Amino acid sequence: MQKNLLGSIYGDFFSSSSSTSGSTSGTSNVTGNTVKEKDPEKLEQEKKIGEAADSLGNAIDNANAALGEAKDLLAKDPNIKTTASETEEKPEEPEEDPMESLDKLIGLTSIKDDVKELAAFVKVQKARQDQGLKSVPVSLHLVFTGNPGTGKTTVARIIARIYKQIGVLSKGQLVEVDRSGLVAGYVGQTAIKTQEQIKKAKGGVLFIDEAYALSQKDDAFGQEAIDTILKAMEDNRDDFVVIVAGYTEPMKKFIESNPGLKSRFNKYIEFSDYNIDELEEIFYMNCNKYDYKVDEDVKHQIRALITAKKIENIDNFANAREVRNLFEEIITNQARRISTLENPTGDDMMTILREDLEDLSVIAGNKEEAAENTEETA
């Protein structure tokens, strides 16, 4: 196209020149009856212009040919194809089966049995309903009771996925809230705030941690949130589940304080505290997850620290959270030690040694308590 355009431009130029020359020659022929030849200098100039046009045209042809070759090369080169495909979005890996996720959890034997039993019953009732048979009404809403760090949120997330898998929920997501996520500062606003969370949870599970905080004496805001949730449970009974959780005794009082709650929440799952073996297993699970290993001479001290931590907070032990905090304290100490090494190896950065257990909060707490006991004895 560019060559044709240039040819047209130069053609017009030569045509104009020839026409003018022709006119002049014609005049000369008429007047002088002789034909004048073109000026050699002008002929040379025209020749150079023509050669330049041909050269430019050839350059454009060559460039187009090179571009075509490059495109063919890109299409044929497998390495270039691989590089291009790397920019494309990779397909998501298939999500793990929720029952497998449940089985992988440390401890929680009775919880696993309860969840599997519940899932089997709900699945069969759903199948009966699909076949046109009568199904026994079953409440999908649950009450989780137990101390912090016993896996309540994790199990709630798995149950949401199980409910989706067997067809009683359309999405299977978990929306986790507490009182602060539901209650606003003014009357009327709490209902709006609570409805926003309900909207997010439709098709899945609304998980309310420390739900008993909504039911306090002379608490109009909390009651407004409860009333809004109860209405949503009634209006969206086919695709909305609520799981409430908290300490055992406060949760029982909470459910029994309201007839609406008591009629909708009739399935309780109790989460017991982890024993020392399970807590130790949780600690090493964190080590494996983040590429840490414990020196063999230190393992018995890790167990002693976990035991001490549980005894220290016997009435308010946070189970897996306490172990996680201990793990983070230890690896922080380890990082401080490693930072002083000139050229630490990968093994250095992975290994937890005896000195990484010094100055931990549990040790400091025990020393202070021992000192206080000594002073009292004295």
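This is a predicted model: local features need pLDDT of at least 70, side-chain atom pairs count only at pLDDT 80 or more; totals for chains, interfaces and linings use all residues.
The aromatic contacts come first. A pair of aromatic rings is described by the distance of the centres and the angle of the planes. The structure holds 5 such pairs. In one of them, the ring centres of Phe-283 and Phe-327 are 5.8 Å apart and the planes stand at 80°, so this pair is edge-to-face; planes over 60 degrees apart are assigned to that class. Phe-283 belongs to helix 12 (residues 276-289) and Phe-327 to helix 14 (residues 320-338), so the contact ties together parts that are 44 residues apart in sequence. Both Phe-283 and Phe-327 are buried.

Phe-327 also pairs with Tyr-292: their ring centres are 5.9 Å apart and their planes meet at 85°, so this pair too is edge-to-face. Tyr-292 is located in the loop between helix 12 and strand 6 (293-294), whereas Phe-327 is in helix 14, so the pair ties together parts 35 residues apart in sequence. Tyr-292 is buried, as is Phe-327.

Rolling a probe the size of a water molecule over the atoms shows where empty space is left. With a threshold of 30 Å³ or more, the count is 1 cavity. The largest cavity contains about 50 Å³ of space. Its lining is formed by Ile-208, Leu-214, Ile-226, Ile-229, Val-242, Val-244, Phe-254, Leu-261 and Phe-265. By class, the lining comprises 9 nonpolar residues, with no polar and no charged ones. Helix 9 (220-235) and strand 4 (241-246) each contribute at least two residues to this lining.

The last topic is a residue in a loop. Glu-358 lies between strand 7 (351-352) and helix 16 (361-377), in the loop that joins them. Its relative accessibility is 43%, so Glu-358 counts as partly exposed; that class lies between the limits of 20% for buried and 50% for exposed. Glu-358 and Asn-333 are separated by 25 residues in sequence, and their C-alpha atoms are 7.9 Å apart in space.

Methods. Residues are numbered from 1 along each chain as its sequence is written. Side-chain values use heavy atoms; hydrogens and water are left out. On a 1 Å grid over the protein atoms alone, a cavity is a set of points where a 1.4 Å probe fits but cannot get out, and a pocket is an open set with protein on both sides within 12 Å along at least five of seven lines; lining residues have an atom within 4 Å of a point. Grid points are joined across faces, edges and corners, and a volume is the space filled by probe spheres set on the points. Helices (H or I, at least four residues) and strands (E, at least two) are DSSP runs, numbered from the N terminus. Ala, Val, Leu, Ile, Met, Phe, Trp, Tyr, Cys and Pro count as nonpolar, Asp, Glu, Lys and Arg as charged, and the others, Gly among them, as polar. Buried means under 20% relative accessible area, exposed over 50%, partly exposed in between (1.4 Å probe, protein chains only). Rings of Phe, Tyr and Trp (its six-membered ring) pair if their centres lie within 6.5 Å; planes under 30 degrees apart count as stacked, over 60 as edge-to-face and the rest as tilted.
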